Amino acid sequence: MIDTTHINRERTFFAEQQTIWLFGYGSLIWKAEFPFHERHPAYIEGWARRFWQGSHDHRGTPDAPGRVATLVESPGAICQGMAYRIDAETLGPLDVREKNGYLREQTVLHFADGSHAEGLIYLATSDNAAFLGDAPLEEMARQIATAHGPSGPNRDYLLHLVDALEGLGAEDHHVFRLAQRVAKLGIE
Ligand code: SIN
């Protein structure tokens, strides 16, 4: 399995003594098991959320990976999520949590009041070994409906994300269509 932890430790875009804005778009929206000073709904521009990253460590196994969220470049798109203001030292455990292919990247976060800030995302690009990429909706839904890993069923990751996005009043056609398809599979 890949482990990006040591690479991310070198990716220090912000000074150690600064607090850092972290933008979560997947499990980091609804599973905030880390200390933060404040959090606010936020969005980033030019990125679309896609279930294109393999999960071999949380929502699947090396033999039967699950599918979790990453971002793909998409000019004009908006991705809504949650921004957390954290201490630099909080990144250590997050690097471990996101080690299956995600790298820290810098981006601009936009807040509802019209303000913006430089921040970080964990991004899994198409050149990481756990990347699965696009597939027919039905195939992705079946994979999510059946995969299971140490953090629980892959289905729960998707359903928690749907709940969180609905709570934020966020639109995400890709995520909502996948969830509808997974729900139908459950009753077929
Ligand atoms: C994120 O939530 O921002 C990164 C991907 C994940 O942990 O699900």
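I shall describe the chain as a whole and then the ligand and its surroundings.

This is a predicted model, in which local features need pLDDT of at least 70 and side-chain atom pairs count only at pLDDT 80 or more, while totals for chains, interfaces and linings use all residues. Residues are numbered from 1 along each chain as its sequence is written, and side-chain values use heavy atoms, with hydrogens and water left out.

The chain contains six helices and seven strands; these are DSSP runs, numbered from the N terminus, with helices (H or I) of at least four residues and strands (E) of at least two. Read from the N terminus, their order is α-β-α-β-β-α-β-β-α-β-β-α-α. The chain has a radius of gyration of 16 Å, close to the 16 Å that the globule rule gives for 188 residues, so it is as compact as a globular protein of that length. That radius is taken over C-alpha atoms, and the rule is 2.2 Å times the number of residues to the power 0.38.

Which residues surround the ligand? They are Phe23, Gly24, Tyr25, Gly26, Ser27, Leu28, Ala69, Glu98, Tyr102 and Tyr157, where a residue qualifies if one of its heavy atoms lies within 4 Å of the molecule. Six of the shell residues are nonpolar, three are polar and one is charged. Both β1 (19-24) and α2 (27-30) supply at least two residues of this shell.

Next, the backbone. A backbone N or O atom lies 2.9 Å from an oxygen atom of the ligand at tyrosine 25, 2.8 Å at glycine 26 and 2.9 Å at leucine 28; a polar contact here is a pair of N or O atoms within 3.5 Å. The protein covers 97% of the 250 Å² of accessible area (Shrake-Rupley method, 1.4 Å probe) that the ligand has on its own.

Conventions. A polar contact is a pair of N or O atoms within 3.5 Å; within protein, one must be able to donate a hydrogen and the other to accept it, and residues adjacent in sequence count only if both atoms are side-chain atoms. Ala, Val, Leu, Ile, Met, Phe, Trp, Tyr, Cys and Pro count as nonpolar, Asp, Glu, Lys and Arg as charged, and the others, Gly among them, as polar.
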